[in-house]
Amino acid sequence: MTTSTPVGITPESQLGAIVAARPALARVFEGMGLDYCCGGKQSLAAACQRQGLDPQALVATLEAAAAAAGTGPADVDPARLTLTELADHIEQTHHLYLKSELPRLVEMAGRVARKHAWRDARLPEMQATVEALADEMLSHMRKEEEVLFPAIRQIEAGTAAGFHCGSLAHPIRQMEAEHESAGNATAHLRELTDGFVPDAEACNTHRALLAGLAEFAADLHRHVHKENHVLFPRALAQAERS
Ligand SMILES: [Fe+2]
Ligand SMILES: [Fe+2]
């Protein structure tokens, strides 16, 4: 469905809240390198000031994108899913994608660093950052899949004997800290690769690696947003009630 009515975005709106209400707008922020997941609590005005953007122009872009969003393929609206459905969705899309993509990125980063470090001294650090990030993300997802998500499903089903808000808050804080660390590593990769843009001499593997890293960064924002701003706060609220 297409709508042309304004969606009430102002320079004071928080990035995370905008994406929670309108998931399709994540792509606008991704295109501008604006962090709406770990940096989701910042206002549009603050984010624009940091990046040297005009907040009114960004509001207009977001309004236009919101109006057009109904016509294109959209990511799921996490607010419409139950906690169990959302945990399942995150595992079946973002986690599955990362488990197959991270080993490929690690392999390509190694190949590119070995062959081309002589002409770009940042490549060994890029490789080490990709390897550390892949290890971190794989271990992080294991903790979510083996501990936190099963607990959230139990809380929703009312079968979480002995689970209470406090015992859920600790693993959630830990996962949020790990998201921030992954976000920082990804921002560092963006710097080391000039925004994931290849130079004229980059070989095909190097180009494929940068395209893969750009896709990874965009997916990470959507993934972390669903956990930090939808799944975790709703699970905590549910645990408080039960
Ligand atoms: Fe996750
Ligand atoms: Fe996570």
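Contact means heavy atoms within 4.5 Å. On that criterion, 77% of the contacts in the protein between residues at least 6 apart in sequence join residues at least 24 apart. The structure is a predicted model, in which local features need pLDDT of at least 70, side-chain atom pairs count only at pLDDT 80 or more, and totals for chains, interfaces and linings use all residues. Residues are numbered from 1 along each chain as its sequence is written, chains are lettered from A and ligands numbered from 1 in the order in which they are written, and side-chain values use heavy atoms, with hydrogens and water left out.

The secondary structure comprises eight helices and zero strands. Helices (H or I, at least four residues) and strands (E, at least two) are DSSP runs, numbered from the N terminus. Read from that end, the order of elements is α-α-α-α-α-α-α-α. The radius of gyration is 19 Å, close to the 18 Å that the globule rule gives for 242 residues, so the protein is as compact as a globular protein of that length. This radius is taken over C-alpha atoms, and the globule rule is 2.2 Å times the number of residues to the power 0.38. The C-alpha trace spans about 60 × 45 × 30 Å along its principal axes.

Of the 242 residues, 43% are buried. Buried means under 20% relative accessible area, exposed over 50%, and partly exposed in between (1.4 Å probe, protein chains only). The protein exposes about 11,900 Å², and carbon and sulfur atoms supply 55% of that area. Accessible areas come from the Shrake-Rupley method with a 1.4 Å probe; for residues, only the protein chains shown count as cover.

Two domains are assigned: domain 1 (15–71) and domain 2 (78–241). Their bounds come from an automatic or database domain assignment. The domain centres, taken over C-alpha atoms, are separated by 20 Å. Across the boundary, 12 residues of domain 1 are in contact with 10 residues of domain 2.

The model holds an iron ion (ligand 1) and an iron ion (ligand 2), 3.1 Å apart. Glu144 bridges the two ions. Donors are N, O and S atoms within 2.8 Å of the metal (3.2 Å for Na, K and Ca); water is not among the atoms, so sites may look incomplete.

The iron ion (ligand 1) is coordinated by His95 (NE2), Glu144 (OE), His223 (NE2) and Glu227 (OE), at 2.0 to 2.2 Å. Along the chain, these donors follow the spacing H-x48-E-x78-H-x3-E. The four donor atoms subtend angles of 88 to 167° around the iron ion (ligand 1), so the arrangement is irregular. Four donors count as tetrahedral if all angles lie between 85 and 135 degrees; four count as square planar and six as octahedral if opposite donors are over 155 degrees apart and all others between 65 and 115; anything else is irregular. His223 and Glu227 both lie in helix α8 (residues 204–241), four residues apart, about one turn of the helix. Both residues, His223 and Glu227, are buried.

The iron ion (ligand 2) is coordinated by His140 (NE2), Glu144 (OE), His179 (NE2) and Glu227 (OE), at 2.0 to 2.2 Å. Angles of 85 to 171° among the four donor atoms make the site of the iron ion (ligand 2) irregular. The spacing of its donors along the chain is H-x3-E-x34-H-x47-E. Distant parts of the chain are linked here: His179 sits in helix α7 and Glu227 in helix α8, 48 residues apart. His179 is buried, as is Glu227.

Helix α7 (residues 165–192) also contains Leu189. Leu189 has a relative accessible area of 1% and is therefore buried. Residues up to four places away in sequence aside, Leu189 touches Met126, Thr129, Val130, Leu133, Phe196 and Leu213. The C-alpha atoms of Leu189 and Gln51 are separated by 18 Å, and the two residues are 138 apart along the chain.

Most residues other than glycine have a negative phi. Asp194, in the loop between α7 and α8, has a positive phi near 50°. Its relative accessible area of 48% makes Asp194 partly exposed. Phe196 lies in the loop between α7 and α8 and has a positive phi near 65°. Phe196 counts as buried because its relative accessibility is 8%.
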